[in-house]
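Please look through the sequence and the structure first.

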Amino acid sequence: MKIIIINGPNLNLLGKREPNIYGNITFESFFKNLQEKYKNVDLEYFQSNIEGEIIDKLHQVGFEYTGVILNAAAYTHTSVGIGDAVKAIQTPVIEVHISNIYKREKFRHESYIAPNVKGVIAGFGMQSYELALLSFINQ
Ligand code: DQA
């Protein structure tokens, strides 16, 4: 089982960025724990602040991997290109958000990704990623 977590813009700053919303652990340390806990899953991580790089990564993994866990961050609310890429690939994608986007500003309520994904998990902090992973494991 090959699963990739793809994180979008500014998520490289997790741990430092608005800790009241996003918490104070780095994604790297969270990811290490996740890999330890789910040793029998081939778990990969990719982060980019660049829209096209996220699209390229989706194309690269999207006909091969078991699942994609995608937090497109701000691009969730703006990117027709990422939405189209998710639609174009065969690998199922779960959209995740650390915060509950529906509790926040109105512009965060719209997702260009959501219509093309298996499901959306939002608002559970870093646990959102683990819940998505469990959904792939239990399928
Ligand atoms: C986010 C929510 C987005 O609205 C925001 O732009 C992010 C992070 C989240 O994980 O809660 O950068 O995707």
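Predicted model: local features only at pLDDT ≥ 70, side-chain atom pairs only at ≥ 80, totals over all residues.

Residues are numbered from 1 along each chain as its sequence is written, and side-chain values use heavy atoms, with hydrogens and water left out.

**Sheet and helix**

- The model has an open sheet of 5 strands in the order β2-β1-β3-β4-β5, with parallel pairing.
- Strands (E, at least two residues) and helices (H or I, at least four) are DSSP runs numbered from the N terminus, and two strands pair if DSSP finds at least two bridges between them.
- β2 (42-47) and β5 (119-122) are the edge strands; each has a single partner strand, so one side of each is left without a neighbour in the sheet.
- From one strand to the next, the twist averages 20°.
- Strands β3 (residues 67-71) and β4 (residues 93-97) run parallel and are joined by 3 bridges; Val-68 has Val-93 in β4 as its bridge partner.
- Helix α3 (residues 51-61) packs on the sheet and touches β1 (2-7), β2 and β3, where contact means heavy atoms within 4.5 Å.
- The direction of α3 makes about 170° with that of β1; axes are lines fitted to C-alpha atoms, for helices over the stretch in contact, and angles run from 0 to 180 degrees between N-to-C directions.

**Ligand site**

- Residues around the ligand include Arg-17, Tyr-22, Asn-71, His-77, His-97, Ile-98 and Arg-108, a residue being near if one of its heavy atoms lies within 4 Å.
- An N or O atom in the side chain of His-77 is 2.7 Å from an oxygen atom of the ligand.
- For His-97, a polar side-chain atom lies 2.8 Å from a ligand oxygen atom.
- Ile-98 has a polar backbone atom 2.7 Å from an oxygen atom of the ligand.
- The ligand taken alone exposes 320 Å², and the protein buries 99% of that (Shrake-Rupley method, 1.4 Å probe).

**Arg-104**

- Arg-104 is placed in the loop between β4 and β5.
- Not counting residues up to four places away in sequence, Arg-104 touches Ile-21, Tyr-22, Ser-99 and His-109.
- Arg-104 and Tyr-22 are 82 residues apart in sequence and 13 Å apart in space, C-alpha to C-alpha.
- The side chains of Arg-104 and Tyr-22 are joined by a polar contact of 2.9 Å; a polar contact is a pair of N or O atoms within 3.5 Å and, within protein, one must be able to donate a hydrogen and the other to accept it, with residues adjacent in sequence counting only if both atoms are side-chain atoms.
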